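Thank you all for coming. Please take a moment to look at the sequence and the structure on the screen, and then I will walk you through a few places in it.

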Amino acid sequence: MTMNDYDLSRKQLLTYGAAGAVGLGALGLVGCGDDDPDSKSSDVKLPSTPTGTLRAGFIDLGATAPDPSGGLDPNIISGNSGGARGRLVWDYLFEFIDGKVVMLLAEEAESSADAKSWDLTLRQGVEWEDGRPLTPEDVVYTVKGYTDPRSANAFLWAGAEAKKTGPRNVRITFPTPKATFLEMFGFAAAIIPENWDPKKPTGGTGPYRVVSNANGKTVLEAKTDWWRAGQGAGPYAERIEIIGFKDDTARLNALLADQIDVIDNPPVSQLQTLDSGGGFSSVVTHSEAASMFSMDAKQEPFSDVRVRQAMRLIVDRAAMNQQVLQGKGAIGNDIMSPLSPGYIGGDIEQREVDIEQAKSLLKAAGKENLTVELSTAPIGTGTVEMAQVLIEQAKAAGVTIKLKQLDAAQWYAPEAGYGSRSLEVATLLGGSGYFGNANTLLTSTAAFNTSHFADKRYDALYTDAIGTLDADKRNELIGEMQKIEHDSGTQIIWGFSPNITAFNDKVKNVTTKPTISPMNNYSLNTLSVA
């Protein structure tokens, strides 16, 4: 499968971009955004009231900071389990799902002419667990927390100011234009109540309330009075248990032993076992998530763009897809976010394996018979397996790769080398659009730019594009950014991973449409259990 298989989605997304989701006028996005997940079987009957217990297993990646809330604080990243937990407890202002803006707590959003200010109208009838209504003060308090440098969301919200402008109205102002506010910020726009204390965490406006949260297990109970109940978004399970695991083997064994019901992204090698009967199934969907390789442009040998180009030519992408993902992924072209407006990866000649050209580039750089260290850990789909494949493929070009294997729980620790590894596996997430990923990974000031990519032209284009409300003009600027990324970038985006949800036959309503992440975009509230 090549990236051209995404063409239909790309056209749909470009239509969204031109239609004015970020136009000068008010955004007419006032629907609540019915999830409407396509079920695995068309005859699934969803319960009218929540029923049963759903047990979901996640790999425990640790947290970016000490977290007294036990994974409930949206200012702290705690892996996929934190994302799933957050979606059950909190609601978001809006989301960017599968190339579409979905308005949630904010029912309307309007940009100023310079795109520096956004006026939001909050939805009526939304209440916190204690019965208090959602207010502009809650949004103001949340945004203030996000701008704190200690917040995991500060890289997006830095410098933002929020103020109440009416009974249901909030104005969010940024120091620089944010024409793609709705596209970029959705995944980091969970709203917490005013004066929320992570040491004594109270519940949110989301579909579930926390019953207990300790020892790697969170137990949640459905709220039948959730403001979206009856709109196709759940909640369908009466009780949800989120359970953490240290490794994939233990998690898969727990699924097979009926200790849990559903997991995200099991090893692709296990799909045949899961789908061979015995009460288990899996759903594989396309995504723009990627497990990739990241080269540090500040360190030898990858400070030389010729070496980076050579490494990209060493990779046999089709073989990598077959060996790592059993052919279920989509071939990448070293450009992020194929489902995002403005994506041009399918219009650039596909980069293919070329060992002779790779050798020539390495010779020109004085790096023949190169030896490098590759760090890997089970942090994403195939991140361990693809490292082994690259080691073998690189031998053809005279490159020796020595493997450094880390535990997932160590990965983000600076003392384990995070931020200073010359060559490492990395993951690319969906759901934040091209600008979100650029702002996260590739601009010179990006908070998680561990590859230290720094290109003045790329930064200038980003600044221009983020302030351009005209979607067609903005997409032209995005195209120029992507050409730079393709020509001299630091990431080897060899393919885009499938999203895989594995589950026992008690679990129903698993989506079969393309998603940004497994488990119905980690919206466990849309899964039902028999």
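This is a predicted model: local features need pLDDT of at least 70, side-chain atom pairs count only at pLDDT 80 or more; totals for chains, interfaces and linings use all residues.

S497 is buried, with a relative accessible area of 4%, where buried means under 20% relative accessible area, exposed means over 50%, and partly exposed is in between, using a 1.4 Å probe and protein chains only. Residues are numbered from 1 along each chain as its sequence is written, and side-chain values use heavy atoms, with hydrogens and water left out.

Where does S497 sit? S497 is in the loop between β20 (495-496) and β21 (499-504), and here helices (H or I, at least four residues) and strands (E, at least two) are DSSP runs, numbered from the N terminus. Leaving aside residues up to four places away in sequence, S497 touches S287, A289, A290, S291, L325 and T381, a contact being heavy atoms within 4.5 Å.

Let me turn to another loop residue, G329, which lies between α9 (317-325) and β15 (330-331). G329 is buried, with a relative accessible area of 1%, and although G329 and P498 are 169 residues apart in sequence, they are 5.2 Å apart in space, C-alpha to C-alpha.

Next, a helix: why is α8 (residues 305-314) described as largely enclosed by the rest of the structure? It is because seven of its ten residues are buried, and the buried residues in α8 are V307, R308, A310, M311, R312, L313 and I314.

The structure holds four cavities of 30 Å³ or more, and the largest cavity has a volume of about 120 Å³. Of the twelve residues that line this largest cavity, the closest to its centre are R87, D91, E95, R228 and S523. On a 1 Å grid over the protein atoms alone, a cavity is a set of points where a 1.4 Å probe fits but cannot get out, and lining residues have an atom within 4 Å of a point; grid points are joined across faces, edges and corners, and a volume is the space filled by probe spheres set on the points.

Technical notes. On a 1 Å grid over the protein atoms alone, a cavity is a set of points where a 1.4 Å probe fits but cannot get out, and a pocket is an open set with protein on both sides within 12 Å along at least five of seven lines; lining residues have an atom within 4 Å of a point.
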